[in-house]
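Reader: I have a model open and a few things to ask about it. Can we go through the surface, the charged pairs and the pocket?
Author: Go ahead.

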Amino acid sequence: ADLALKTPYCHSAALLEGNGIASLEDIAKALLSYDLPQIEYNGLRTKRMVGDVLTKNGVVEPIRSGKTILGYRLVGDGLSEAQRESLSALCDEKLADFIERRGGAV
């Protein structure tokens with residue numbers, strides 16, 4: 001019921017951000033931003049899959065509050081802006097390859 005109340009506002013925000021135009025995907029993403037169970041589920045998946053792998057390989061370290069993991073930070077982050085952009089582009093490329101191999105479905 002709570003999500004239903006926010007639905008018109010999500011549509012409006014997506015339309016306003018897109019200068020009066022929003023794709024179905026844009027509106028769906030806006031709605032998902034309020035889907036707390038989905039956000040919590042994806043947070044758990046991130047922690048168990050991505051976080052564990054990157055932590056074990058020394059790429060990131062968890063940001064904690066007590067025993068709770070709140071997020072991750074890069075280990076020894078002395079990267080320049082150009083290095084960040086290069087690595088981000090590489091990640092985008094690898095993700096696009098992964099999606100293509102799966103037939104466009106993730």
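Reader: Which element gives the largest share of the nonpolar patch?
Author: Helix 3 does, with four residues. Helices here are DSSP runs of H or I with at least four residues, strands are E runs of at least two, and both are numbered from the N terminus. Bear in mind that this is a predicted model, where local features need pLDDT of at least 70 and side-chain atom pairs count only at pLDDT 80 or more, while totals for chains, interfaces and linings use all residues. Residues are numbered from 1 along each chain as its sequence is written, and side-chain values use heavy atoms, with hydrogens and water left out.

Reader: Which residues make the patch?
Author: Met49, Val50, Val53, Leu54, Val59, Leu74, Leu79, Leu87 and Leu90, covering about 700 Å². Helix 3 (36–56) and helix 4 (81–101) are the elements that give two or more residues to it. Patch residues have over 30% relative accessible area and no salt bridge; nonpolar side chains (Val, Leu, Ile, Met, Phe, Trp, Tyr) are joined within 5 Å, like charges within 9 Å. Areas come from the Shrake-Rupley method with a 1.4 Å probe, and for residues only the protein chains shown count as cover.

Reader: Where does Leu74 lie?
Author: In strand 2 (residues 68–74). Leu74 has a relative accessible area of 38%, so it is partly exposed (buried is under 20%, exposed over 50%, partly exposed in between, with a 1.4 Å probe and protein chains only).

Reader: Charges next. How many salt bridges?
Author: Two, taking a side-chain nitrogen of Lys or Arg within 4 Å of a carboxyl oxygen of Asp or Glu. One pairs Arg73 with Glu61 at 3.4 Å, N to O. That pair links distant parts of the chain, with Arg73 in strand 2 and Glu61 in strand 1 (residues 60–65), twelve residues apart. Lys29 and Glu25 also form a salt bridge, their closest N and O atoms being 3.0 Å apart.

Reader: How far apart are Lys29 and Glu25 in helix 2?
Author: They are four residues apart in helix 2 (residues 24–32), so about one helical turn separates them.

Reader: How do strand 1 and strand 2 run?
Author: Antiparallel, joined by six bridges; strands pair if DSSP finds at least two bridges between them. They form a hairpin with two residues between them, and Gly66 in the turn has a positive phi of about 70°.

Reader: Last one: which element gives the largest share of the lining of the largest pocket?
Author: Helix 4, with six residues. Leu74 and Arg84 are among the lining residues.

How values were computed
1 Å grid on protein atoms, 1.4 Å probe; cavity = no way out; pocket = protein on both sides within 12 Å on 5 of 7 lines; lining within 4 Å.
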